[in-house]
Amino acid sequence: MEDLAAAKHTSELIKTAREMAFRRGEMLLAIVVALCLRAIGTEAHLRVGFYSYSCPKAEVIVKKELEKALKADAGIGADLLRMHFHDCFVRGCDGSILLDSTKKNTAEKDAIPNQTLEDEAFQVIDKAKKKLEKVCEGIVSCADILAFAARDSVAHYGGTSYPVPAGRRDGMISRSSDTIDLPPPTFNLKQLTESFALKEMSQDEMITLSGAHTIGVAHCPTFSNRLYNFSRKASTDPTLNPKYADQLKKECPPGSNNEVDMDPPSPLTFDTSYYSNLLDNRGLFTSDQTLMSTPATAGTVRQFAGSSVLFKQKFAEAMVKMGKIGVLTGDQGEIRSYCRVVN
């Protein structure tokens, strides 16, 4: 009897041990699955056609809103292109530039580098988002809308259209202090190269993306340092074409905040005249003309100046790469209902 009782007790112990082991296995499996799902969520890649099933008309709706805006203001696309660049270089391409300031926080859009962006450009995103919320509520991120609008702006002015990998989610933080990551127009070649390298962009890609200055306008204070009191030896930057400098002085008297075309020959055409200007020392910003400061970078400028096809192709490729900087995907961030505020 004692042997039978002992055997029964041993059997129960084995059964209990097996159950505990099974439960531990389930828990371990659950932990592994959770970690895998988390990895998938945080490392998911953007992909072309992300909204093909969830919101198939997404890109069409964005393009239509942009086209309406361009009829009212032919230069609005240049602001949207610049806005996308400024968004990606600060906290990644997460739509943080679209958030409004609050009583307790000054947002990116109100930082000095972004104060010249027209509110009409932000309204393009707002209007597209409003229509998308009616068609497919809570699906399309503000960050993706901005990426689509930037692409369509490039195409509108004559650049190459390109497939935009989507799937970005919206960030929930926007601080004016973070705009320190934006390369200012006073940067030299070394500073520009380092700034882009921090975003894993090459020097060639930096030269390529600088070509965005072939469209749009600039305000006089952003380059007036080259016109007046440049240094002890020269009142005007000696690397600036003298005739061009005289023209700029007429358009930008001391202390003025006037607007001038960044690419005077064709301010609303996405072409290679920006690079041709550099060959003639007609770069508007220090950060433009500095691209001619080494044989290697000057060689790239000459290549682009001589080949519209090459420039447009490289620009499209660089935009796709830039659009992947620091993106939020999977379960990161959120999909804002209204692009100017966090949900």
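Of the 343 residues of the chain, 45% count as buried (under 20% relative accessible area with a 1.4 Å probe, protein chains only; exposed is over 50%, and partly exposed lies in between). The model is predicted, so local features need pLDDT of at least 70 and side-chain atom pairs count only at pLDDT 80 or more, while totals for chains, interfaces and linings use all residues. Residues are numbered from 1 along each chain as its sequence is written, and side-chain values use heavy atoms, with hydrogens and water left out.

The chain contains 12 helices and two strands, where helices (H or I, at least four residues) and strands (E, at least two) are DSSP runs numbered from the N terminus. Their order along the sequence is α-α-α-α-α-α-α-β-α-β-α-α-α-α.

Helix H3 covers residues 76-89 and has 14 residues. From its first C-alpha to its last, H3 reaches 20 Å, close to the 20 Å expected at 1.5 Å a residue (1.5 Å times one less than its number of residues). Because 13 of the 14 residues of H3 are buried, the helix is largely enclosed by the rest of the structure. Just after H3, Arg-91 takes a positive phi of about 65°.

The largest nonpolar core has 68 residues; such a core is a set of buried Ala, Val, Leu, Ile, Met, Phe, Trp, Tyr and Cys residues joined through side-chain atoms within 4.5 Å. Among those with the most contacts inside it are Leu-80, Leu-81 and Met-83. Beyond its neighbours within four places in sequence, Leu-81 is in contact (heavy atoms within 4.5 Å) with residues including Ala-150, Phe-270 and Phe-315. Another core, of 13 residues, lies apart from the largest one and includes Leu-248 and Phe-285.
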